[in-house]
Amino acid sequence: MKNDAFAIYLNDHLGGSVGAIEILDHLIETYEDLPIAGFCQQLHHEVSSDQETLREIMRALGVSESGMRKAGAWLGEKFSRAKMRVKGEEVGEPGLVLALESLVLGIKGKELLWRTLGVLRPTWPPLDRFDFAPLHERAINQGARTDAERLRVAQAAYQPES
């Protein structure tokens, strides 16, 4: 691909999806017997599907996956996990709020990715086979659901002292 900046942009989003899946894997394991784990499993399924769509787009455009960007996202998730542990990973502690907030921010980025690709579609013929409107709508829905969970757990985590 001649447009290196576009390849970097797509790889940054792929790396973000790798980090999101790592966070979700950790949350599913940490909260396996609680309702939040079911929420995270559903979100994991959707994010994995979106990640595969992004990979298909990259293949269609001849963009190679950057191992370094994916490794950077993996490493970033490990730092995020350490921060969660420091803040507390029990339900009612801020670590879960921070993890969900990270996911909300990442999902917002994905929403912007799908909008951008939809705008670029007319100028990049390999993108013709992709319908970005449903992907954009799903990202909006994912973000809203994840933010609702974040706010729910924030109420438990940030109670005034008695």
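Accessible areas here come from the Shrake-Rupley method with a 1.4 Å probe, and for residues only the protein chains shown count as cover. The chain has an accessible surface of about 8800 Å², 56% of it belonging to carbon and sulfur atoms. This is a predicted model, in which local features need pLDDT of at least 70 and side-chain atom pairs count only at pLDDT 80 or more, while totals for chains, interfaces and linings use all residues. Residues are numbered from 1 along each chain as its sequence is written, and side-chain values use heavy atoms, with hydrogens and water left out.

The chain contains five helices and zero strands (DSSP runs numbered from the N terminus: H or I of at least four residues for helices, E of at least two for strands). Of its 162 residues, 43% are buried (under 20% relative accessible area, with exposed over 50% and partly exposed in between; 1.4 Å probe, protein chains only).

Helix α5 covers residues 132-157. Its 26 residues, at 1.5 Å each, should span 38 Å, and the end C-alpha atoms lie 36 Å apart, which agrees (the expected span is 1.5 Å times one less than the number of residues). At the start of α5, a side-chain oxygen of D131 comes to within 3.3 Å of the backbone nitrogen of A133.

The buried residues of α5, including L135, H136, A139 and G143, pack against α2 (35-61) and α4 (94-120). An α-helix has 3.6 residues a turn, so residues three or four places apart point the same way.

E111 sits in helix α4 and counts as buried because its relative accessibility is 11%. Leaving aside residues up to four places away in sequence, E111 touches H136, A139 and I140 (contact means heavy atoms within 4.5 Å).

Technical notes: Polar contact = N/O pair within 3.5 Å; in protein donor to acceptor, adjacent residues only side chain to side chain.
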